[in-house]
Amino acid sequence: MAKKGAPPPSLVGLLRWPAWALALLALGSAFAPLSRDFLAGTHLALCVMALLEAGVAIGRGRRAAFFTYAAVAVLTNPFRPFVFAVQAWRLLHAGIGLWLAADHLPGRD
Amino acid sequence: MTSGSPTPGRGAWRDTAWLAVAGAVLFVTLKLHQWQTFGVHAELAEFESRLHSTLHGGFLTRHRGEASFLGEHVSPVLLLLVPLYALLPSPLTLLVVQALAAAAAVVPLHRLALHLLERRAAAAAIGCAYLVSRTLSYGLMYDFHMEIFYPLLFCAAFLAFERRRWGLLAAALVLAALVKEDAGLAIAGLGVYAFARGARRAGALMFAGGLSWLIVAVTLVSPAFRHAAENRGYPFASYWAGYGHTQSEILRGMLNPLAHARVLFTPRKLGQMFDLFAGYLFLPFASVAVTVGLVLPGWFILYSSDNPIMNGPILYYGLMLLPFLFYATLLGIRRLARPGPELRAGWALALAAAVLLVQLGNSRLFRQLSPAGLRPNQRTAAARAMIARVPSPAQVSAQVDLVSHLPAASERYFLPEGLEGASFALFDTVGNAWPLSPEQNRALLGRLEASGTWEREAAGSGFVLLRRRPTGPVPATPPGPAPARRAG
């Protein structure tokens with residue numbers, strides 16, 4: 001039997017606020033001092049978010065988005081961390097932050 | 001015991017129990033909510049009628065005079081449900097069995113993960129990944145279908161194989177073979193994998209037994225249960241129409257490698273395969289033997305077909321491949337996390353956690369458990385009142401989401417099927433009208449009312465109950481689209 005009203009919210013809606021918060025953190029970190037602990041914590045949060053978003057992307061048939069999130073998860077994985085120059089991390093963080101924010105703009109659901 | 005302990009013991013059994021109980025509570029809740037909100041479609045009624053008929057002189061028949069379900073699918077496992085249904089004769093029995101069978105599979109899967117990954121946290125992540133997986137959810141939330149037993153039986157078989165418990169392995173595989181004929185191909189594939197792992201005799205037996213069962217089931221057992229007047233070919237052969245139009249053409253076509261390339265690797269199917277395997281981070285492909293023996297058979301069944309529902313795979317079609325994908329994922333993690341003699345616990349945990357996160361992101365549970373998803377259906381009371389006006393037993397043709405709520409003693413059809421002999425017709429003019437469009441549904445209602453052979457018995461909240469006039473002529477089947485038979 002059909003239910004009236006708008007469809008129930010998906011995980012996309014639930015992830016929007018944490019995604020924007022992380023996007024802000026990633027963008028901000030591009031201009032902040034990057035201590036080792038701060039970098040590790042940020043990368044752990046970005047990795048978890050990227051894996052969740054990769055799953056969401058598959059469910060919605062967004063294969064390019066899946067690849068992007070998978071790349072972010074690999075780059076920020078805390079188990080075998082990549083070692084880049086600080087300036088390279090700043091650029092990567094800025095890119096990840098912009099992508100996260102843009103991918104969660106309203107109207108994309 | 002810590003999560004990093006290499007020898008899981010009692011604490012690990014507690015994890016198994018928690019996972020099983022959480023899964024059972026969650027799945028039973030979802031199925032009962034689906035029932036209460038009239039979200040279950042007609043196939044539940046069909047399976048209940050088959051069990052009901054078996055208790056009343058028939059043999060897995062849906063309607064009087066119809067051939068047994070075994071003529072459609074070789075699924076004698078349904079007979080094992082007959083005693084339970086005799087004790088608890090209700091459609092809810094099947095829904096709860098469906099939920100419990102789906103949840104129970106986490107027990108052997110979690111034990112298998114403990115065996116292969118040797119760490120509690122990694123095994124728990126895999127258990128959780130199974131419970132939240134989208135493929136399981138599709139199968140669970142389908143009305144009722146016997147493939148729901150596949151994850152439990154195949155996971156039990158994998159665990160038995162890993163522990164070299166041959167008796168348990170044989171029992172699990174025999175039961176899996178009784179679920180549906182296609183299990184034969186999966187068992188044969190498991191045999192190939194077992195052979196490659198060094199269990200030569202068991203592997204050869206599984207390969208030969210699985211293929212033999214598939215051939216016997218499709219060519220001997222299933223035709224024996226069809227009526228003589230019916231086509232003796234496999235009723236679902238048309239799903240593989242990409243290889244040919246008749247059963248023999250399809251079999252010949254499958255010997256042609258070019259036909260496989262043309263049928264299997266279309267852009268649409270490649271995208272769907274990507275979506276399916278991405279959920280497991282492509283770990284099932286970490287070894288050739290695993291890919292060939294565990295992934296290929298189920299993959300082939302799904303994608304050699306041109307049925308888009310199978311390619312999804314949605315409904316219950318992914319349930320056979322699901323346990324194989326989890327087993328193959330576990331073997332992939334073990335391979336990557338064990339480059340030497342010692343398993344690297346951190347790697348195993350990282351990969352298992354990554355699989356869990358991706359499955360979680362891809363899960364349907366957030367939608368199902370949201371307040372909107374759990375909202376009650378405001379029209380439930382009206383639907384129940386309307387159904388209560390239909391005497392039992394009677395032949396009734398009702399809208400697809402109402403059929404399962406009619407008593408099993410009645411001859412139940414979903415509209416527009418069964419109207420020619422029906423005494424009652426129950427329409428839902430604002431709800432799900434499948435396989436008719438809402439407009440076709442309302443037009444059919446209008447035609448019946450204008451025909452003079454039906455009178456309106458009751459109406460309200462969008463429901464309309466028609467009763468056939470006592471002296472009216474039996475109408476011809478009303479024009480409209482042929483009802484699409486639900487896939488078998």
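Guide: Gladly! A crossing is left-handed if the near helix is turned anticlockwise from the far one by less than a right angle, and right-handed if clockwise. Here the crossing of α6(B) and α18(B) is left-handed. This is a predicted model, where local features need pLDDT of at least 70 and side-chain atom pairs count only at pLDDT 80 or more, while totals for chains, interfaces and linings use all residues. Residues are numbered from 1 along each chain as its sequence is written, chains are lettered from A in the order in which they are written, and side-chain values use heavy atoms, leaving out hydrogens and water.

Visitor: At what angle do α6(B) and α18(B) pack?

Guide: Two packed helices are described by the angle between their axes and the distance between the axes. Helix α6 (residues 120–132) and helix α18 (residues 345–361), both of chain B, pack at about 15 degrees with axes 8 Å apart. Angles under 35 degrees count as roughly parallel, so α6(B) and α18(B) are roughly parallel to each other.

Visitor: Which residues make the contact?

Guide: Contact means heavy atoms within 4.5 Å. Among the residues involved are A125(B) and A129(B) of α6(B), and A352(B) and L356(B) of α18(B).

Visitor: How many residues does the contact take from chain B and from chain A?

Guide: Chain B gives 36 residues and chain A gives 23 residues.

Visitor: Which side chains meet in a salt bridge?

Guide: A salt bridge is a side-chain nitrogen of Lys or Arg within 4 Å of a carboxyl oxygen of Asp or Glu. The rule finds one across the interface of chain B and chain A: D275(B) with R63(A), at 2.9 Å, N to O.

Terms used: Axes fitted to C-alpha atoms, helices over the stretch in contact; angles between N-to-C directions. Helix = DSSP H or I, 4+ residues; strand = E, 2+ residues; numbered from the N terminus. Parallel < 35°, antiparallel > 145°, perpendicular 65-115°, else oblique.
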